[in-house]
Amino acid sequence: MKNLIYVLTFTLVISIGFTSCSKKDPCEGLACLNGGTCEDGTCACPSGYEGSLCETESLPKTINISSIKVTKVPTTKADGSKWDADGTQPDIFPVIYTIKADNKTVDVPFWTSDLIKISASVDLQHDFTLIVPKLSITTVDKSYAIFLFDKDDSNQEVMGSGIIFNLKDLIKGKPATILLDCTGCKVAFELKVSYVF
């Protein structure tokens, strides 16, 4: 009988030992990336990241543009004449267009600034820090084009060529400022942006 009690006790101790040893931390060996934290063996990703290890940057649902800075303005029209008919400096405003499926043909205006910089000096940068109307892009993986226009009385004239851009290609690392420029472009822009995931 005494031997039976020892055997049962030994079996119970071994069984408890195996049970407690088999409970492994489910997060052991799991390295979540980009600030992710392990919870019960699964990575909980911070806003803006996804994937089993938080290794992939998510596309935002919306990109809000809070400021547009015009960093290059052509000094004259292509023929060398001044922008405004009365010889004054141009009255400038930015316009963003959607692009057709071929990714190179301008489609329709997506956003037009209600604010116009009157007699904007062509050798300076110009800030549109008040964005009216509000400018939010919800289709992030689509191409757009940005142009600078001169308003001369009732006429509007494009100043140089536009710049085609796809925000999906420009937001890696979630920069707060996006530069839109190209070799040979007569105009250039900086966009101040924020992201909604």
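**Salt bridges in the predicted model**

Let me begin with Lys 77, which forms a salt bridge with Glu 157, the closest N and O atoms being 3.3 Å apart, where a salt bridge is a side-chain nitrogen of Lys or Arg within 4 Å of a carboxyl oxygen of Asp or Glu. This pair links distant parts of the chain, since Lys 77 sits in the loop between strand E5 (62–72) and strand E6 (92–99) while Glu 157 belongs to strand E11 (residues 155–158), 80 residues away; strands here are DSSP runs of at least two residues, numbered from the N terminus. Glu 157 has a relative accessible area of 33% and is partly exposed, a class that lies between buried, under 20%, and exposed, over 50%, with a 1.4 Å probe and protein chains only.

Residues are numbered from 1 along each chain as its sequence is written, and side-chain values use heavy atoms, leaving out hydrogens and water.

By the salt-bridge rule the count comes to four. One of them joins the side chains of Glu 57 and Lys 172, at 3.9 Å from N to O, and it connects strand E4 (residues 56–57) with the loop between strand E12 (163–166) and strand E13 (177–180), 115 residues apart. Glu 57 also meets Lys 174 in a salt bridge, at 3.6 Å, and Lys 174 lies in the loop between E12 and E13, 117 residues from Glu 57.

As for accessibility, Glu 57 is partly exposed at 25%, Lys 174 is partly exposed at 22%, and Lys 172 is exposed at 71%.

Methods: This is a predicted model: local features need pLDDT of at least 70, side-chain atom pairs count only at pLDDT 80 or more; totals for chains, interfaces and linings use all residues. Helices (H or I, at least four residues) and strands (E, at least two) are DSSP runs, numbered from the N terminus.
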